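Keep the structure open beside you as you read.

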Amino acid sequence: MTVPTNPLLHYNPYEAKHQLDLSLTKAYLLLHSQLKPPFPLTIPSSSEYALLTQALAFSLLTQPDLTKINLKHLHASVTDGYDIFTTTLLNLTDNCYPKLLPVPRTQLLFLCSQLIDVAAFKVDSLVISLLRRINGGDFTEPNLWLCAELAKILSDNWDWLVDEPLVLTSALFVFLRLLADHYRLVSGPQLDELKRLEISFCIRVLRNCFHLCLGIGRDLIRLLQDLFVIPEFKELWKDLICDPCKFGVLGFSDLCDIYRIKTPRHYFLLRISQEMEAQLRFLLTHVKWGNQQRYQVWFAKKYLSLPGSETVIVDVIRFICQCYHPSKEIIQSGVISRWAVIGWLLKSCKRNYFEANAKLALFYDWLFFNDTIDSIMDIEPAMLLIVSSVPQYMEITHCLLEFLFLVVDNYDVQRKNVIAKGVLGAFNALVKRGVVHSLEVLMNCDKLSPFLREKLSKFLFDKALVSQEKEIIQMQSGDHQDQIAGMPEQAHQWL
């Protein structure tokens with residue numbers, strides 16, 4: 001007799017079932033009779049235990065009316081700290097979340113909360129995976145629901161959260177980034193409540209755990225600057241600038257202390273879904289020059305076509321600069337370059353606000369560049385986009401240089417000298433490492449406006465800055481090796 005089952009995933013016609021769905025369904029069909037009391041008293045073997053855990057996972061996700069019984073069974077039978085159960089939910093979140101039907105999605109979030117209560121093994125990874133599933137630029141009800149539910153779960157489990165620094169800072173990074181979009185782009189009763197949750201959570205983390213927040217590094221400031229218009233964040237900014245001692249963190253006395261900390265790659269991955277990451281890596285690893293347009297059209301249709309979705313361009317650019325550093329073999333294989341993809345993304349920005357934020361994302365590591373901690377590959381795409389646009393796309397070169405000098409002069413006026421030194425250090429490192437042979441291609445370019453040529457020349461040969469840069473170079477020890485092998489030849493080919 002066939003046992004009726006509620007579906008776990010949504011499928012299009014003629015679409016093959018996912019292997020994980022098949023294995024969970026199979027486990028449930030084999031053991032469904034054992035999931036009702038009285039439960040067997042025998043101790044299962046390791047293979048039997050794994051099968052039982054999968055059956056319980058399927059039942060818990062698809063049969064909410066049996067949740068109480070199934071949870072009791074799970075708690076009574078667990079022998080591995082919930083490792084197999086949590087891993088099953090983690091794999092489902094990583095590989096199948098977009099296909100999950102509404103009931104399993106609701107159950108997944110409920111089970112995540114339950115696993116936090118029992119300090120289950122790998123529950124931290126499950127929470128981080130769910131945070132990645134909140135899509136940037138997506139203001140549909142299911143996405144906003146996921147955002148609100150995770151904010152509630154983390155707020156309600158504060159004691160657990162403060163003992164999980166990576167989860168805490170990951171959640172802060174995600175909610176700060178989302179709050180900027182939610183506060184600016186959309187409104188309504190549901191959004192007002194979500195914004196209240198996000199503001200409350202972020203301020204609580206920043207006020208109570210600032211020593212952990214410093215681990216995010218300089219991109220923390222980039223996110224906070226977008227929230228200055230929110231009253232609670234105005235107060236926070238006032239303390240950051242005027243009274244940093246209020247945070248009670250030894251070693252933090254000025255914003256420069258944060259500027260000097262490079263943001264770990266983990267945080268940029270949080271704003272790129274698992275599918276988007278895979279598709280970007282495919283584009284940048286396998287698609288040859290001349291074949292990229294159809295992939296770009298497909299990517300734009302999937303991720304950049306909804307109203308407000310262009311906000312995700314900022315996150316994509318940060319991901320490309322920080323998380324994808326191609327090997328020498330890939331660079332020399334004729335695959336489309338990072339700078340070309342970024343140029344296309346900049347052109348995809350329809351509003352000035354998004355374009356400015358995208359350019360800042362591109363140049364952000366230039367502002368605080370330090371050869372001892374920053375990779376040349378972080379700043380390489382911007383430089384190659386500038387020089388490779390000469391002379392055919394001079395408007396791009398002009399626009400990027402103009403923006404760079406605007407940021408140097410205005411991003412942080414009180415610390416302008418620090419930023420100028422960072423940008424000068426970036427230019428020098430790019431020439432020194434052979435990303436470009438020299439900057440004469442810009443300074444001697446007749447098609448570049450005289451104002452920008454003069455500005456560039458004065459900046460590069462500013463005696464005070466050059467002297468300070470030399471002192472910094474003398475203080476730096478060692479020649480850090482980056483994934484730039486083979487770049488001089490490739491850079492020359494692009495130019």
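1. Let us begin with helix α2, residues 46–62, in what is a predicted model. Its 17 residues should span 24 Å at 1.5 Å a residue, and the end C-alpha atoms lie 25 Å apart, so the two values agree.

2. Helix α5 can be checked in a similar way. With 16 residues, α5 should span 22 Å at 1.5 Å a residue; its end C-alpha atoms are 23 Å apart, which agrees. The buried residues of α5 include Pro104, Arg105, Gln107, Leu108 and Leu109, and also Cys112, Ser113 and Ile116. They pack against α2, α3, α4, α6, α7 (141–156) and α8.

3. Next, follow the chain beyond α5. Just after this helix, Ala119 has a positive phi of about 50°. Lys122, in the loop between α5 and α6 (123–132), also has a positive phi, about 70°, although it is not a glycine. Is Lys122 buried, exposed or partly exposed? Its relative accessibility is 31%, so Lys122 counts as partly exposed. For background, most residues other than glycine have a negative phi.

4. With a relative accessible area of 88%, Tyr14 is exposed.

5. Now turn to Leu161, in helix α8 (residues 158–162). Its relative accessible area is 0%, so Leu161 is buried. Leaving aside neighbours within four places in sequence, Leu161 is in contact with Leu154, Val167, Leu168 and Phe201. The C-alpha atoms of Leu161 and Ile116 are 9.2 Å from each other, although the two residues are 45 places apart along the chain. Ile116 is one of the buried residues of α5.

6. How many residues does the largest nonpolar core have? There are 173 in it, and those with the most contacts inside the core are Phe175, Phe210, Phe233, Ile317, Trp366, Met383 and Phe427. Helix α9 (residues 165–185) gives this core its largest share, eleven residues. In soluble globular proteins, nonpolar side chains tend to be buried together. Take Phe210 as an example: not counting residues up to four places away in sequence, it touches Val205, Leu220, Leu240, Phe247, Val249, Phe252 and Ile258.

7. Phe427 also takes part in a helix pair. The axes of α24 (residues 416–432) and α26 (residues 450–460) come within 10 Å and cross at roughly 95°, which means that α24 is roughly perpendicular to α26. From α24, Ala420, Val423, Leu424 and Phe427 meet Leu456, Phe459 and Leu460 of α26. By class, this contact has seven nonpolar residues, with no polar and no charged ones.

8. Finally, please look at the loop between α22 (376–388) and α23 (394–410), where Pro391 is found. The peptide bond that joins Val390 and Pro391 is cis, with omega about -5°. As context, most peptide bonds are trans.

Note on methods. Residues numbered from 1 in each chain as written. Predicted model: local features only at pLDDT ≥ 70, side-chain atom pairs only at ≥ 80, totals over all residues. Heavy atoms only, no water. Core = buried A, V, L, I, M, F, W, Y, C linked by side-chain atoms within 4.5 Å. Buried < 20%, exposed > 50% of the residue type's maximum accessible area, 1.4 Å probe, protein only. Helix = DSSP H or I, 4+ residues; strand = E, 2+ residues; numbered from the N terminus. Contact = heavy atoms within 4.5 Å. Axes fitted to C-alpha atoms, helices over the stretch in contact; angles between N-to-C directions. Parallel < 35°, antiparallel > 145°, perpendicular 65-115°, else oblique. Nonpolar A, V, L, I, M, F, W, Y, C, P; charged D, E, K, R; others polar. Expected span 1.5 Å × (residues − 1).
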